[in-house]
Number of protein chains: 2
Amino acid sequence: MRRRFSVRDLGRFAAGALGAAGAPTEVAETVAESLVFADMRGISSHGLVRLPIYTERLLRSMVSADAEPELKQCSAAAWLMDGRNNFGAYTGVRAMTAAIEAARKTGIALVGVSRSNHFGTAAYFARLALKENQIAIVTSNASQTMPPTGGRRPFVGTNPLCIACPVAEGAPFMLDMATSVVARGKVIFAAQNGQPIPEGWAVDAQGLPTRDALAALDGAVLPLGGPKGFGLAMALDLLSGALTGAGAGPTVRNMYEDWSEPQNVGHLFITIDIGQLQPIEDFKARMAEYLTALKASPRAPGCDELLYAGELEARRQEESAQSGVALPGGLLDELDTLAGRLGIDPFLPVDRPLQNSG
Amino acid sequence: MRRRFSVRDLGRFAAGALGAAGAPTEVAETVAESLVFADMRGISSHGLVRLPIYTERLLRSMVSADAEPELKQCSAAAWLMDGRNNFGAYTGVRAMTAAIEAARKTGIALVGVSRSNHFGTAAYFARLALKENQIAIVTSNASQTMPPTGGRRPFVGTNPLCIACPVAEGAPFMLDMATSVVARGKVIFAAQNGQPIPEGWAVDAQGLPTRDALAALDGAVLPLGGPKGFGLAMALDLLSGALTGAGAGPTVRNMYEDWSEPQNVGHLFITIDIGQLQPIEDFKARMAEYLTALKASPRAPGCDELLYAGELEARRQEESAQSGVALPGGLLDELDTLAGRLGIDPFLPVDRPLQNSG
């Protein structure tokens with residue numbers, strides 16, 4: 001049985017590590033929360049597995065954790081934010097908060113972010129809009145990991161798209177998907193754990209299909225569904241990058257490999273204040289009816305339950321809050337190495353009982 | 001060699017057929033233009049192949065071609081349109097035009113449409129925004145054709161997503177994709193032509209994989225990339241339907257099979273006025289740099305050219321304008337049958353020389 005760790009302990013450790021590397025408390029806590037949020041939801045590819053690289057980039061001055069992002073109003077409903085090279089989780093929360101505020105006035109609003117960094121899981125920001133009965137559309141670009149259709153070398157990132165809708169009760173609808181067949185983090189995870197990857201996930205450096213996770217990291221993960229997935233990833237690159245003034249395609253720096261310059265990642269946050277289009281109760285009734293019909297839809301043999309996007313993650317999140325968070329194997333050692341490097345207390349020095357904490 | 005037909009002749013015939021079935025001139029011409037536009041771009045699944053069903057629905061009072069859509073402002077940047085059951089191409093042009101106008105004031109704007117019908121190819125509307133240097137995000141729902149992941153029966157439509165960005169020169173970026181592995185229209189087309197479909201496109205009525213196009217029409221086409229594609233289709237359903245007050249999932253009526261009620265299709269149009277975020281020249285320079293880098297990216301063996309979304313379609317469109325439009329086999333007979341039913345001149349009664357006309 002895998003050990004589980006309390007949400008509070010994980011958050012404290014992560015914030016402590018980021019703080020020791022130089023991040024102000026609020027920034028450290030926000031970034032830590034975003035990573036723990038991902039682990040709680042079972043998205044370990046975007047969880048504490050990223051803490052070592054985040055910390056390393058901060059230590060090597062590739063991230064400016066003490067720079068406050070600058071927000072500029074462009075028109076009644078459109079804003080741009082200069083992330084000033086702070087962490088993506090921090091600029092993202094700032095940007096999403098501004099977008100929510102703006103949509104309250106105009107019904108729909110947009111905040112585009114430039115000069116940011118890897119922002120983790122987009123759902124972390126989208127959930128802020130859900131609390132305010134807004135729909136969120138969140139995207140980001142990322143450094144080059146996927147080839148164009150017919151290409152041999154990476155050109156676009158596995159740029160994520162998140163679309164989230166509030167519900168009356170139960171798990172909100174929360175699509176949060178990479179535009180690759182799988183998230184690159186899952187290939188990193190397989191490589192770290194010495195596991196092969198399924199066919200169709202990636203090509204090697206020569207553009208040939210591979211099941212070797214390390215070879216895939218040298219090569220490229222493939223876009224979802226061929227030309228459509230590449231087109232979607234490119235569209236999100238243009239929205240996150242070309243529109244905001246951030247990097248796009250070749251000009252987004254690789255978080256793991258480029259130590260010469262900041263990443264210049266771009267994000268885009270679109271919020272829709274549902275209540276301005278129709279009574280929010282009507283919308284939620286409509287959602288409930290839709291989800292009820294979906295859950296009652298006939299199942300294929302072998303399928304016990306039809307799930308919608310975000311449902312499984314919400315269950316895991318609740319379970320993690322109740323019973324602690326399961327971490328991927330191998331990560332504990334990495335976190336202890338990190339603690340040693342930073343001169344902070346190692347992760348869970350004694351085998352403490354779990355604390356149930358949110 | 002397949003025969004090619006002039007754009008003008010096709011448009012006249014289609015508008016004539018719709019007019020004979022009762023559509024006012026402006027509505028008939030708009031719908032005709034949208035169908036010819038699709039055929040010009042090689043998207044024959046959304047071209048004149050739809051004329052017989054459009055006409056039939058009009059004749060059987062399932063479409064209200066003389067009802068003017070009603071636009072209601074909900075907030076500074078958000079609008080709703082009651083399509084009043086007019087054709088999707090017509091409500092779509094009205095809605096997109098309103099969205100473009102609104103985004104000029106607020107930077108980003110949204111127009112949601114309810115009580116509409118099948119709107120053809122989303123690119124037809126997006127191109128209107130491109131002319132005004134705006135980014136367009138267009139989606140629609142459709143009647144149930146794809147099962148949820150693990151499901152046996154269709155629950156969502158192959159709801160399309162279109163994202164379009166203007167460029168300084170050359171083909172605009174124009175992603176216009178169904179959320180199925182392929183557009184259902186391509187299965188219809190295969191069925192009409194007695195062709196098998198590739199593996200992985202669809203399941204039959206029992207939920208089993210099939211290569212028989214007719215069996216696939218009885219069953220369901222599959223979402224792009226499994227759960228991600230289903231999640232995306234569902235997100236677009238919620239944006240087009242739940243948000244606008246249109247049908248969604250089970251409450252969008254099938255255009256081909258349901259003759260008891262109008263379709264109640266929903267659409268969503270989001271426009272972003274780029275010039276309010278940055279000088280449009282800067283954006284276009286950024287786009288040009290991006291596309292140049294993409295085209296110069298290393299190619300896999302066997303690939304002659306890397307293409308981006310909309311590029312091939314733009315070339316075909318130009319070729320069609322120059323040399324005429326190629327129609328899918330079998331369609332000519334259908335169009336002549338339609339002419340007979342409507343009591344109008346048959347399609348191309350004499351073998352006229354091509355007219356080069358836009």
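Student: How much area do chain B and chain A bury between them?
Tutor: In this predicted model, chain B and chain A bury about 5,700 Å² between them, and 76% of that area lies on carbon and sulfur atoms.

Student: Which three residues of chain B supply more of its buried area than any other three?
Tutor: They are K228(B), L277(B) and Y290(B), which together supply 14% of the area that chain B buries against chain A.

Student: And how many residues does each chain bring to the contact?
Tutor: Chain B brings 74 residues and chain A brings 75 residues.

Student: What about polar contacts and salt bridges across that interface?
Tutor: There are 26 residue pairs in polar contact between chain B and chain A, counting pairs with both residues at pLDDT 80 or more. For salt bridges across the interface, the count is 0.

Student: Which elements of chain B give two or more residues to that side?
Tutor: The strands are β3 (78-82), β4 (108-116), β5 (134-140), β6 (161-165), β7 (173-177) and β11 (265-273) of chain B, and the helices are α8 (227-242) and α9 (280-295) of chain B. The element that gives the most is α8(B), with 11 residues.

Student: How does the side of chain B that touches chain A split by class?
Tutor: That side has 52 nonpolar residues, 16 polar residues and 6 charged residues.

Student: Changing topic: how many aromatic pairs are there over all chains?
Tutor: The count is 14 aromatic pairs over all chains. One of the pairs is formed by F119(B) and F269(B), whose ring centres are 6.4 Å apart.

Student: Why is that pair called tilted?
Tutor: The ring planes of F119(B) and F269(B) stand at 55 degrees, so the pair is classed as tilted. Stacked pairs have planes under 30 degrees apart and edge-to-face pairs over 60, and the rest are tilted.

Student: Where in the chain do the two residues sit?
Tutor: F119(B) is in the loop between β4 and α5 (123-131) of chain B, whereas F269(B) is in strand β11 of chain B. The pair therefore links distant parts of the chain, 150 residues apart.

Student: Are they buried or exposed?
Tutor: F119(B) and F269(B) are both buried.

Student: Which residues do ring pairs link into a cluster in chain A?
Tutor: The cluster consists of F37(A), F119(A), Y124(A), F125(A) and F269(A).

Student: Back to strand β11 of chain B, where H267(B) is found. What does its side chain make a polar contact with?
Tutor: The side chain of H267(B) makes a polar contact with the side chain of S116(B), at 2.7 Å. H267(B) counts as buried because its relative accessibility is 0%.

Student: What else is H267(B) in contact with?
Tutor: Leaving aside neighbours within four places in sequence, the contacts of H267(B) include G88(B), T91(B), V111(B), N117(B), F119(B), T139(B) and S240(B).

Student: Then Q263(A): where is that, and is it buried or exposed?
Tutor: Q263(A) is in the loop between α8 (227-242) and β10 (265-273) of chain A. Its relative accessibility is 3%, so Q263(A) counts as buried.

Student: Which backbone oxygen lies 2.9 Å from its side chain?
Tutor: The backbone oxygen of R253(A) lies 2.9 Å from a polar atom of the side chain of Q263(A). Beyond neighbours within four places in sequence, Q263(A) is in contact with several residues, among them R57(A), S116(A), H118(A), T251(A) and M255(A).

Student: How many salt bridges are there over all chains?
Tutor: The count is 30 salt bridges over all chains. One of them joins E311(A) and R315(A), at 3.5 Å from N to O.

Student: How are E311(A) and R315(A) placed in helix α10?
Tutor: They are 4 residues apart in helix α10 (residues 311-323) of chain A, so about one helical turn separates them. E311(A) is buried, with a relative accessible area of 7%, whereas R315(A) is partly exposed at 39%.

Student: And what does E70(B) form a salt bridge with?
Tutor: Its partner is R84(B), and the closest N and O atoms are 4.0 Å apart. E70(B) lies in strand β2 (residues 70-73) of chain B, and R84(B) lies in the loop between β3 and α4 (88-106) of chain B, 14 residues apart. E70(B) is partly exposed at 45% relative accessible area, and R84(B) is partly exposed at 31%.

How values were computed. Residues are numbered from 1 along each chain as its sequence is written. Chains are lettered from A and ligands numbered from 1 in the order in which they are written. This is a predicted model: local features need pLDDT of at least 70, side-chain atom pairs count only at pLDDT 80 or more; totals for chains, interfaces and linings use all residues. Side-chain values use heavy atoms; hydrogens and water are left out. Contact means heavy atoms within 4.5 Å. Buried area is the accessible area (1.4 Å probe) that two parts lose on being put together, summed over both. A salt bridge is a side-chain nitrogen of Lys or Arg within 4 Å of a carboxyl oxygen of Asp or Glu. A polar contact is a pair of N or O atoms within 3.5 Å; within protein, one must be able to donate a hydrogen and the other to accept it, and residues adjacent in sequence count only if both atoms are side-chain atoms. Ala, Val, Leu, Ile, Met, Phe, Trp, Tyr, Cys and Pro count as nonpolar, Asp, Glu, Lys and Arg as charged, and the others, Gly among them, as polar. Rings of Phe, Tyr and Trp (its six-membered ring) pair if their centres lie within 6.5 Å; planes under 30 degrees apart count as stacked, over 60 as edge-to-face and the rest as tilted. Buried means under 20% relative accessible area, exposed over 50%, partly exposed in between (1.4 Å probe, protein chains only).
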